[in-house]
Amino acid sequence: MVKKALLSLLSLGAMGLALASPAQDLFDQATFLIGFYYNGPAKVPHFRELRRQYQPELDRLCAPEGNRCGYEKARQVIERIVRDIGDPFTTLITREELIDDQRYGAGLGPAAPRVGVWVRETSRGLVVSEAFPGEPAHQAGLRRGDLITQINGQPATLARLKAAEAEGRPVVLSYSRQGSPRSATLTPRVAQATMHPRLELRGPIAYLRVYHLYSSEEFSPAQLIHDAARRAEGAGARGMVIDLRDALSGYDSEALLAAAAFTGGGGFIYDRRFQGQDETHTVENGRLKVRYENGDEEELSQVKQPYLARLPVVVLVNRNTFNSTEMLAYFLQRAGRAKVVGEPTAGALGMSGSAEGPLINGEFIAVSSLRMRNLDGSAFPLRVTPDVIIEEDLEALAAGRDVILERALELLR
């Protein structure tokens, strides 16, 4: 995702649209943004054709309310358009998700209270894929691989966990660790600085967990990744595992700066839909520069204390590694700097987008308006294909084995 402020809404008047109903106005705005800017892998018609194609569905939904038809009816149609496009980057983003993205960039956690776990739903319950240090679940003793079987005495589901977190009252979790039953009572709270890259030194191997690549003037995961590489080599580590499984997106520039801790340099090209607007982004000595197609150049950002690590690296990914974190894995793999182990990634690697999409209802439509290219002009793939493909085994994880991490450690040995 491109790093731009999501500050102003587009003017419907500039598009020459007559006010009909809130639903019609939102529909017209969203279809314009998708049809005009889309530059991704799907075949998307011009915005006028896009409107003609989906207008009957909006008319049907709005028929009982006429010009009082509200935003929610348009949202249903926009969500249908996004599903039909089938591009994982092009999506409708809620107000809450926008707020969370801004908080991630400030180095904070999500805005809503939570117990502090990422989980994967199975028929037996919720397998913990991450318990964030400093948050309630971790403080209560939960760890990666634990199987949550009940929430407040009811079978554990993702929907039930989210509902319990939203209530904000104490939650009783029944869980098992390698078959041994346990329980914990904890109260959801708003997370603070618990999603920073986390380094653990495990004997001769350094383990670096990266959750996202959002940044701001005050917070930079890339800087923390450079710092972690420096600490790992200073402590005598002979190899590093970078865990990007389930990692969220962030900013493409941050992915490039983070990769430079191991590659020293690199870059990419934003291939825009319109002629004369392509941008070439490169990093050298921790400084990220952009060269525009007209020849102008400027420095966008930098790592204030860059470091170049020499130790061997293995990167872990899965089907939920998304967009900018896919890019971090791809930059390291393409440079020959790391082996990648795990599942093929989410499929949002070869595209990006900018802030064309603030909507009049306060939400945001992310549009694949930029194709990603390497500096030699070749296209990015749509996803990262691991050097060693291993499917995540949640049953093994609940039994105490992380099969993807095990394979990574074998490679480093």
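Biologist: Which residue in β6 stands opposite Ile148?

Modeller: This is a predicted model, in which local features need pLDDT of at least 70 and side-chain atom pairs count only at pLDDT 80 or more, while totals for chains, interfaces and linings use all residues. Residues are numbered from 1 along each chain as its sequence is written, and side-chain values use heavy atoms, without hydrogens and water. Strand β6 (residues 171–177) runs antiparallel to β4 and is joined to β4 by 4 bridges; two strands pair if DSSP finds at least two bridges between them, and elements are DSSP runs numbered from the N terminus, with helices (H or I) of at least four residues and strands (E) of at least two. The residue in β6 opposite Ile148 is Tyr175.

Biologist: Which residue in β5 is the bridge partner of Gln150?

Modeller: 2 bridges join β4 to β5, and the two strands run antiparallel. They form a hairpin with 2 residues between them. The bridge partner of Gln150 in β5 is Pro155.

Biologist: What is the relative accessible area of Asn152?

Modeller: Asn152 is found in the loop between β4 (147–151) and β5 (154–155). Although Asn152 is not a glycine, its phi is positive, about 50 degrees. With buried set at under 20% relative accessible area, exposed at over 50% and partly exposed in between (1.4 Å probe, protein chains only), Asn152 counts as partly exposed, because its value is 41%.

Biologist: Is Asp246 buried or exposed?

Modeller: Asp246 is found in the loop between β10 (239–243) and α8. Its phi is near 65 degrees, a positive value in a residue other than glycine. The relative accessibility of Asp246 is 11%, so the residue counts as buried.

Biologist: How many aromatic pairs does the model have?

Modeller: Rings of Phe, Tyr and Trp (its six-membered ring) pair if their centres lie within 6.5 Å; planes under 30 degrees apart count as stacked, over 60 as edge-to-face and the rest as tilted. Ring pairs link Phe32, Phe36, Tyr37, Phe47 and Phe274 into a cluster. By this rule the number of aromatic pairs is 15.

Biologist: Tyr104 and Tyr214 make a ring pair; how many residues lie between their positions in the chain, as a separation?

Modeller: The ring centres of Tyr104 and Tyr214 are 5.8 Å apart and the planes stand at 35 degrees, so the pair is tilted. Tyr104 belongs to helix α4 (residues 95–105), whereas Tyr214 is in the loop between β9 (205–209) and α7 (221–234). Both Tyr104 and Tyr214 are buried. The pair links distant parts of the chain, with a separation of 110 residues.

Biologist: Why is the pair of Phe132 and Tyr211 classed as it is?

Modeller: Phe132 is in the loop between β3 (125–131) and α5 (136–139), and Tyr211 is in the loop between β9 and α7, 79 residues apart. Phe132 counts as buried at 0% relative accessibility, and Tyr211 counts as buried at 1%. The centres of their rings are 4.8 Å apart and the planes stand at 45 degrees, so the pair is tilted.

Biologist: Which residue has its charged end over the ring of Phe132?

Modeller: A charge sits over a ring if NZ of Lys or CZ of Arg is within 6 Å of the ring centre and within 35 degrees of the ring normal. For the ring of Tyr207, the residue is Arg202, 4.1 Å from the centre. For the ring of Phe132, with a distance of 4.5 Å from the centre, the residue is Arg114.

Biologist: Which strands stand at the edges of the open sheet of 6 strands?

Modeller: The order of the sheet is β14-β13-β12-β11-β19-β17, with antiparallel pairing. Within the sheet, 6 bridges join β12 (residues 279–284) to β13 (residues 287–292), and Glu284 stands opposite Arg287 in β13. Each edge strand has a single partner, so one side of each is left without a neighbour in the sheet; these strands are β14 (297–302) and β17 (351–352).

Biologist: What angle does the direction of helix α8 make with that of β11?

Modeller: Helix α8 (residues 252–263) packs on the sheet, touching β11 (265–272), β12, β13, β14, β17 and β19 (370–373); contact means heavy atoms within 4.5 Å. Axes are lines fitted to C-alpha atoms, for helices over the stretch in contact, and angles run from 0 to 180 degrees between N-to-C directions. The angle between α8 and β11 is about 155 degrees.

Biologist: Is the link of Cys62 and Cys69 left-handed or right-handed?

Modeller: A search of the whole structure finds 1 disulfide, a disulfide being a pair of cysteine sulfur atoms within 2.5 Å. The sulfur atoms of Cys62 and Cys69 are 2.0 Å apart, and both residues are buried. With -70 degrees about the S-S bond, the link is left-handed.
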